[in-house]
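Here's the note you asked for on this model.

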Amino acid sequence: MTNSLLWYTTRGAGAVTLILLSSVVVLGILSTLRVQSPSWPRFLTSGLHRNLALVTLIFLALHIVTAVVDPYTNLGWAAALIPFSASYRTLWLGLGVIAFELLAAIIVTSLLRGLIGHRTWRAIHWLTYAAWPIGVLHGVGTGTDMLSVWMLAITAGCVAAVGVAVFLRLTSGSSDPLSAARTTFRAAVDRRETR
């Protein structure tokens, strides 16, 4: 591979990873909100969330590997695995390493979900809410194309999509479809016990 091909592959894979990871976050939030319609069953959102997460990993791996082997950046594997150890754009690359490691924790625990239990898995899965903005900051600070119109549009679109999804998540009521029935049942039990 030529140096310029590695450079363009790193940049392209980074941009695609941002789009895919943003889509995964949005789909995860939609799954939590139990969004569905007659033409879009809920299992489709969950399946798409899971499959896009796997595709995201492929592009993230491509982004990392091409950045490490590119002689222009001269990063080395330590810079890809140890936060803030790179001599090139130390802060921004360090944020990228942290985002990668948070995503790795989510992946490993998702694979071990049956062994660690749902509650532990869910607690660790909340790291997505930290991994995504840290990854965005990595792209803003490290991306050589950040000020180009196309990259600004991609970043703004991703931030807007995730922002709307998070807003919906924060402002929606309970995502538990049995919440109202459970509350009514508890109230009836409480009334019965006080007699």
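This is a predicted model: local features need pLDDT of at least 70, side-chain atom pairs count only at pLDDT 80 or more; totals for chains, interfaces and linings use all residues.

The points below go from the overall fold down to single residues.

1. Overall make-up. The protein has nine helices and zero strands, and along the sequence the pattern runs α-α-α-α-α-α-α-α-α. Of the 195 residues in the protein, 33% are buried. If you take the contacts between residues at least 6 apart in sequence, 61% of them join residues at least 24 apart.

2. The α4/α7 pair. How do α4 and α7 pack, in angle and in axis distance? The angle is about 150 degrees, and the axes are 8 Å apart. Anything over 145 degrees counts as roughly antiparallel, so that is the label for α4 and α7. The crossing of α4 past α7 is left-handed. On the α4 side, the residues making the contact are Trp92, Leu93, Leu95, Gly96, Ile98, Ala99, Leu102, Leu103 and Ile106. From α7 come Thr128, Ala130, Ala131, Ile134, Gly135, Leu137, His138, Gly141 and Thr142. Sorted by type, the α4 and α7 contact residues come to 12 nonpolar, six polar and no charged.

3. The salt bridge. How many salt bridges does a search of the whole structure find? One. In general, side chains of opposite charge can pair when their charged atoms come close. Here Arg11 pairs with Asp145, and the closest N and O atoms are 2.6 Å apart. Arg11 sits in helix α1 (residues 3-32), while Asp145 is in the loop between α7 (128-142) and α8 (149-171), so the bridge ties together parts that are 134 residues apart in sequence. Are the two partners buried or partly exposed? Arg11 is partly exposed, at a relative accessible area of 22%, whereas Asp145 counts as buried, with 14% relative accessibility. The cut-off for buried is under 20%, in case you want to check those two labels.

4. Leaving aside neighbours within four places in sequence, Thr10 is in contact with His63, Thr66 and Ala67. Over in helix α8 you'll find Ala161. The C-alpha atoms of Ala161 and Ser23 are separated by 8.1 Å, although the two residues are 138 apart along the chain. Ala161 is partly exposed, with a relative accessible area of 36%.

5. Two backbone spots to look at. Most residues other than glycine have a negative phi. Which way do Phe84 and Arg89 go, positive or negative? Phe84 has a positive phi, near 65 degrees, and Arg89 has a positive phi of about 45 degrees. Neither Phe84 nor Arg89 is a glycine. Phe84 is found in the loop between α3 (77-81) and α4 (90-111), and Arg89 is in the loop between α3 and α4 too. As for accessibility, Phe84 counts as partly exposed at 39%, and Arg89 is partly exposed at 34%.

Methods. Residues are numbered from 1 along each chain as its sequence is written. Side-chain values use heavy atoms; hydrogens and water are left out. Helices (H or I, at least four residues) and strands (E, at least two) are DSSP runs, numbered from the N terminus. Buried means under 20% relative accessible area, exposed over 50%, partly exposed in between (1.4 Å probe, protein chains only). A salt bridge is a side-chain nitrogen of Lys or Arg within 4 Å of a carboxyl oxygen of Asp or Glu. Axes are lines fitted to C-alpha atoms, for helices over the stretch in contact, and angles run from 0 to 180 degrees between N-to-C directions. Angles under 35 degrees count as roughly parallel, over 145 as roughly antiparallel, 65 to 115 as roughly perpendicular and the rest as oblique. A crossing is left-handed if the near helix is turned anticlockwise from the far one by less than a right angle, and right-handed if clockwise. Contact means heavy atoms within 4.5 Å. Ala, Val, Leu, Ile, Met, Phe, Trp, Tyr, Cys and Pro count as nonpolar, Asp, Glu, Lys and Arg as charged, and the others, Gly among them, as polar.
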